[in-house]
Amino acid sequence: MTFSQTGSGLQVSGLTLEAGGTVLVEDASFSLRAGELVALLGPNGAGKTTLLRGAIGLAARSAGQARIDGRDTAEMPPRWRARLLAYLPQNRPLAWPNPVRDVVALGRFSHGAALGRLRGADRDAVERALAACDLDELAGRSTATLSGGELARVHCARAFAAEAPLLIADEPVAELDPYHQFRVMDLIRAFVDAGGGALVVLHDVMLARRYSTRLIWMKDGRIVADGPPAETLTATRLAEIYGVRGRVEGARVEIEGPL
Amino acid sequence: MRPGRTSAFPALAGLTLASMAALFAACLLGSTPMEAERVLAALLGRGGAGDQLVVVHIRLPRALTAFAVGAALGASGAALQGLLRNPLAEPGVLGVSAVASLGATGALYYGFAALSAWAMPTAAIAGALAGTGLIALAALRTASAVTLILIGVGLSSFAGAAMNLLMNLAPNPFSLADMVNWMLGSVANRSFLDLAFAAPFLVVGLVILFTARRGLSALTLGEEAASGVGLNLARQRLLVVLGTGFATGAAVALAGVIGFVGIVAPHIVRPLVDHDPARSLLPSALLAGLILVLADIGVRLVPTVSELKLGVVAALIGAPAFIWIAMQRRTVHD
């Protein structure tokens, strides 16, 4: 994988988002830099997706900033922003049964690529992304014929094809079997090892522990902790965030049941 | 086929040739029997003045009108389907044609149409823009195509009722007949002048749609991910609303309501262009134009007492096709 670098990564400060008078995210600050794989953890309704959308500039904020290299994501032209940050939303519908290669090529939209006439850098980036996600064999297949695990890899390849230095993925392993969860996380880790920076919403604490360099914990619209797994992942935190009883021994995490 | 280079070219070339053949065939038909050589000579500017009048000024504009109306509806249908990510979207189904038709009928009723040749296209386009704008507004609130189509049903019913009201109040049988003719949809007796007044709007609409086509591909991923890959969603919606508004309005100004061709043509085209909405635009326009030219030939070949209306025939064939396409859909998530 190749991509341009950002100097400072993504810097989010004091982000607040509201909807219909309800505060969904309050005063959230965090950063995402190259070489980091950050897991965003929190119960359903904690405001994770809202925070991501606010950080990317897709949702209107009532306060705060989110900058990449000094420019606010909300003020960047969408195509410019997309070259710096790839986004894998939680819902990943595919409206038409396109061939896999075409869906991956949509990742090159911000570079001006048009489906069916990929040239030069666009074609190379698409081929690299297909290869990185082990999709060479499936490139010509209709997405309507793929399994959930194969589709997850297609969406990853679509995000990687942009060759943006940052990746934000909202529950990329939801509804996948354990093998494919590892597979997708391996792909994201490869992206980070190649110099990218990834922020990933996860619900599986063990997966987060295994893959992340840093964990951001959210509850009730606020970021309550942000740090390396060894420091922030504790039994007390599991109880506080999720209301579950768990045991943490080194790299081993065991969730035993509700409190 | 090289990877990443699936071309729409063979489909486009075939459709262009077929369209030209159909346009020529349409010029062979009429109350004066004329052999192909004489028609060809007249089209090429040779032959007698009588032949030229019949072929160039009566038959050709009718055939070209059918083609232009089809092209506008085919491209509008393909664009709306791309925007709403649903193969059942079309100006007719979404009520846009009906509201445009209400505009045109209003222009007839209030006598504006007699005052200026621009009145008809302007009123139809104003109606089309209002209808498309309303659908796009509704699309902001709901992701459900079913809801949008139901809103289209409501729009159609309202526009139909308002048109019935206008007919009810029609001052004389002539304006009533005018309005009925409009609502049934026809390209009979159209002149180059009619085409000239609608053409600028039609061309502007098609150009807008073609500039917005790459965004339609991106919308394959859904609106959220499409924004993520760099699509300006608000601008994309506006462009498709304006483009379909102008194109559909111009089509309705030319021919009244012609339904379903905007669904059928893209449905046939889609598998040929790898289901890419952007690449389906041009072939859908050509195929819909071809279909209407052929249907208008059919209308004249069927031996009936009074000539069948193109809009009636289009609906008789198109509505069952619409039902069939709807029944093929098995998705549960819209």
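## Salt bridges, helix packing and cores

Trainee: Which side chain does B:R38 meet in a salt bridge with B:D51, and how far apart are N and O?

Mentor: The side chains of B:R38 and B:D51 meet in a salt bridge at 2.8 Å, N to O, where a salt bridge is a side-chain nitrogen of Lys or Arg within 4 Å of a carboxyl oxygen of Asp or Glu. The pair links distant parts of the chain, with B:R38 in helix 2 (residues 36–43) of chain B and B:D51 in helix 3 of chain B, 13 residues apart; helices (H or I, at least four residues) are DSSP runs numbered from the N terminus. This is a predicted model, in which local features need pLDDT of at least 70 and side-chain atom pairs count only at pLDDT 80 or more, while totals for chains, interfaces and linings use all residues. Residues are numbered from 1 along each chain as its sequence is written, chains are lettered from A and ligands numbered from 1 in the order in which they are written, and side-chain values use heavy atoms, with hydrogens and water left out.

Trainee: Is B:D51 buried or exposed?

Mentor: B:D51 is buried, with a relative accessible area of 14%, whereas B:R38 is partly exposed at 32%; buried means under 20% relative accessible area, exposed over 50% and partly exposed in between (1.4 Å probe, protein chains only).

Trainee: What else does B:R38 pair with?

Mentor: B:R38 also forms a salt bridge with B:E35, the closest N and O atoms being 3.7 Å apart, and B:E35 is partly exposed at 42%.

Trainee: And how do helix 2 and helix 3 of chain B cross?

Mentor: Their axes, which are lines fitted to C-alpha atoms over the stretch in contact, with angles running from 0 to 180 degrees between N-to-C directions, come within 9 Å and cross at roughly 80°. The two helices are therefore roughly perpendicular, a term that covers 65 to 115 degrees. Contact (heavy atoms within 4.5 Å) involves B:R38, B:V39, B:A42 and B:L43 in helix 2 of chain B, which meet residues including B:D51, B:V55 and B:L60 in helix 3 of chain B.

Trainee: What about helix 3 and helix 13 of chain B, at what angle do they pack?

Mentor: Helix 3 of chain B and helix 13 (residues 261–269) of chain B pack at about 70°, with their axes 8 Å apart, and that makes them roughly perpendicular. Among the residues making the contact are B:L73, B:G74 and B:G77 of helix 3 of chain B and B:I263 and B:P266 of helix 13 of chain B.

Trainee: Switching topic, which residues touch the most other members in the largest nonpolar core?

Mentor: That core has 159 residues, and A:V104, A:F160, A:I188, A:L202, A:W217 and B:L94 touch the most other members; a nonpolar core is a set of buried Ala, Val, Leu, Ile, Met, Phe, Trp, Tyr and Cys residues joined through side-chain atoms within 4.5 Å. Helix 3 (residues 49–84) of chain B gives the most to this core, with 14 residues.

Trainee: What is A:L202 in contact with, sequence neighbours aside?

Mentor: Leaving aside neighbours within four places in sequence, A:L202 is in contact with residues including A:A39, A:V173 and A:M185.

Notes: Angles under 35 degrees count as roughly parallel, over 145 as roughly antiparallel, 65 to 115 as roughly perpendicular and the rest as oblique.
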